[in-house]
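User: I'm new to this one and would like to go through it step by step. Could you put it up first?

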Amino acid sequence: MDFLAIQLFNGLVNGAFYALLSLGLAVIFGMMRIVNFAHGAFYMLGAFVAYVLLQQAGIGFWPSLVIAPLAIALAGMVLERLLIRRIAGVDPLFGFLLTFGLSLLIQDAMRLRFGLQGQPYATPAELAGAVSLGAVTYPTYRLFVIAFSLAVSLAVWYAIERTRLGMVVRAATERAELTRALGVDVDRWTTPVFGFGLGLAALAGVLAAPMRNVSPLMGSELIILTFAVVVIGGMGSIKGAIAAGFLVGVLSSVGAIFDPAIEGIVAFALMAVLLLVRPSGLFGSLETS
Amino acid sequence: MLEITGLSAWYGEAQALREVSLRASPGEVVTLVGRNGAGKSTLLRCLMGLHAQMTGSVRLGERDLGPLGPVRRVHAGLGYVPDDRGIYSSLSVEEHLLLPPRLGQSAWTLERVYDAFPALRARRQQTASKLSGGEQQMLAIARVLRMGARVLLLDEPTEGLAPILVQQIARLLVDAKADALTILLVEQNLRFATSVADRHYLLGQGEIVTTLANDEVKAREHELRQHLGI
């Protein structure tokens, strides 16, 4: 029983990362129809920003949790203006190539500078230790990751459902051309939305730093799984990204109880089944095109 | 006045419109009648700036709309009701009304919209895709009225609707006409067209075949039906 409970929590922790990452992918895809293959690289950059801030300037975890996402969001907005914008409206293949190329560039640049070996990052003192939850004790920091990611996810969901900008994002996600023909300047919002999506990835990166080693490859390991999560949730669906993130996290970890090999295949098996029976994903409303 | 001169459009190599010229004045309802595939919807898309492969000029009053993208054409006063009604499944009824910008004095208040469309008031918080076809059409029209558009481009607003709803739309257009709006209506329903319109442009294979006054259409209804294949 204890083992099951621990695995459940581990699943929620993994799910917390999937949710934040796929949320960013979902808003970017929805608004721009670009599948951002560089998303994992920006997650990794978020972690490195936190690491460098600590090493070079003594700036700790909490300020980094704000600074790194903002810095990456800003970099993302510049990138959108300079590069991504140019491939809007052309064959999606160019989007794959551009963002995949970017991720390789970023990864190798970081590898040149920091090497392949992971760098440790200390857990913030306030969240050190473990909490006793009845039968099991679980690391405080990991519980924080679950709660924090859930709070951020719900806040994003709320903003998309209830604010004017969220309404524009929903409308543009569903039908960009119609939305323009109704006088809404969709293109004005693509830059901030792209930045926001990357900011979420960087936030996940900072959260990951104390749990996993900060290394140039940390993003590429995670991103493929995150794509499966996005497909399961439904391309462009906010609700779907959050739900599928936690669902895949929990199912993978619980599956690992039966056989460790299951952990790695749950997401893809789920994706394959879903593509057969419900190609638009759990919450997808987009027509497959 | 909406004035279109020598408008031609293509889909790749295929020419969809040839040198179409037409005009419509404030307080006037003009229809565009023609078979499926005659180029009616393409013409409206060209007017909205949604179809890039085109030549010719589109003017609204003194203003050349040619260089403007769709967003700025809306701000210039064009209100578009697409043939599929343009309903979002992820927006509530009221959000449909709130999404477009409000253009000055002619914009309707939500109250006025709901007074004119009581069915929408009852369903304001519902997902719009749950509305009936007729209600969706009402919503699409209400949306451009709420915006305060001065020129309505309506693509087959009566398609698939029950006669009572068609009458309701006819009344709406008569009111809009009295408000000095300019209305360009794509239509296959001749009875509806003659009940609201002043003039009719007959479009065949991408060209304006002839222009007809309302009583001429009534007199030649049988012949026109054959031409339209309806």
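**A walk through the model**

Analyst: Ala180(B) is placed in the loop that runs between helix 7 (163–178) and strand 8 (182–187) of chain B, where helices (H or I, at least four residues) and strands (E, at least two) are DSSP runs numbered from the N terminus. This is a predicted model, in which local features need pLDDT of at least 70 and side-chain atom pairs count only at pLDDT 80 or more, while totals for chains, interfaces and linings use all residues. Residues are numbered from 1 along each chain as its sequence is written, chains are lettered from A and ligands numbered from 1 in the order in which they are written, and side-chain values use heavy atoms, with hydrogens and water left out.

User: What is phi for Ala180(B)?

Analyst: Phi of Ala180(B) is near 70°, a positive value in a residue other than glycine. With 34% relative accessibility, Ala180(B) counts as partly exposed (buried means under 20% relative accessible area, exposed over 50%, and partly exposed in between, with a 1.4 Å probe and protein chains only).

User: And Gln205(B), where does that lie?

Analyst: Gln205(B) lies in the loop between strand 9 (199–204) and strand 10 (207–213) of chain B. Its phi is positive, about 45°, although Gln205(B) is not a glycine, and at 72% relative accessibility Gln205(B) counts as exposed.

User: Switching to chain A: is Ala202(A) buried or exposed?

Analyst: Ala202(A) is buried, with a relative accessible area of 0%, and belongs to helix 8 (residues 187–208) of chain A. Leaving aside neighbours within four places in sequence, Ala202(A) is in contact with Phe42(A), Tyr43(A), Gly46(A), Ala68(A), Pro69(A) and Ile72(A), contact meaning heavy atoms within 4.5 Å.

User: How far apart are Ala202(A) and Ala68(A)?

Analyst: They are 134 residues apart in sequence, and 6.4 Å apart in space from C-alpha to C-alpha.

User: What about Gly199(A), which residues does that touch?

Analyst: Not counting residues up to four places away in sequence, Gly199(A) touches Pro69(A) and Ala73(A). Gly199(A) is also in helix 8 of chain A and, at 8% relative accessibility, counts as buried.

User: Now the rings, please. How many aromatic pairs are there?

Analyst: A search of the whole structure finds 13 aromatic pairs over all chains, where rings of Phe, Tyr and Trp (its six-membered ring) pair if their centres lie within 6.5 Å, and planes under 30 degrees apart count as stacked, over 60 as edge-to-face and the rest as tilted. In one of these pairs, the rings of Phe48(A) and Phe114(A) have centres 4.6 Å apart and planes at 35°, so the pair is tilted.

User: Why does that pair tie together parts that are 66 residues apart in sequence?

Analyst: Because Phe48(A) lies in helix 2 (residues 39–57) of chain A and Phe114(A) in helix 4 (residues 92–114) of chain A, the pair links parts that are 66 residues apart in sequence. Phe48(A) and Phe114(A) are both buried.

User: Which residue lies over the face of Phe114(A)?

Analyst: That is Arg113(A), at 4.8 Å from the ring centre; a charge sits over a ring if NZ of Lys or CZ of Arg is within 6 Å of the ring centre and within 35 degrees of the ring normal. The charged end of Arg212(A) likewise sits over the ring of Phe17(A), 4.5 Å from its centre.

User: Which residues form the aromatic cluster?

Analyst: Phe61(A), Trp62(A), Tyr141(A), Phe144(A) and Phe148(A) form one aromatic cluster.
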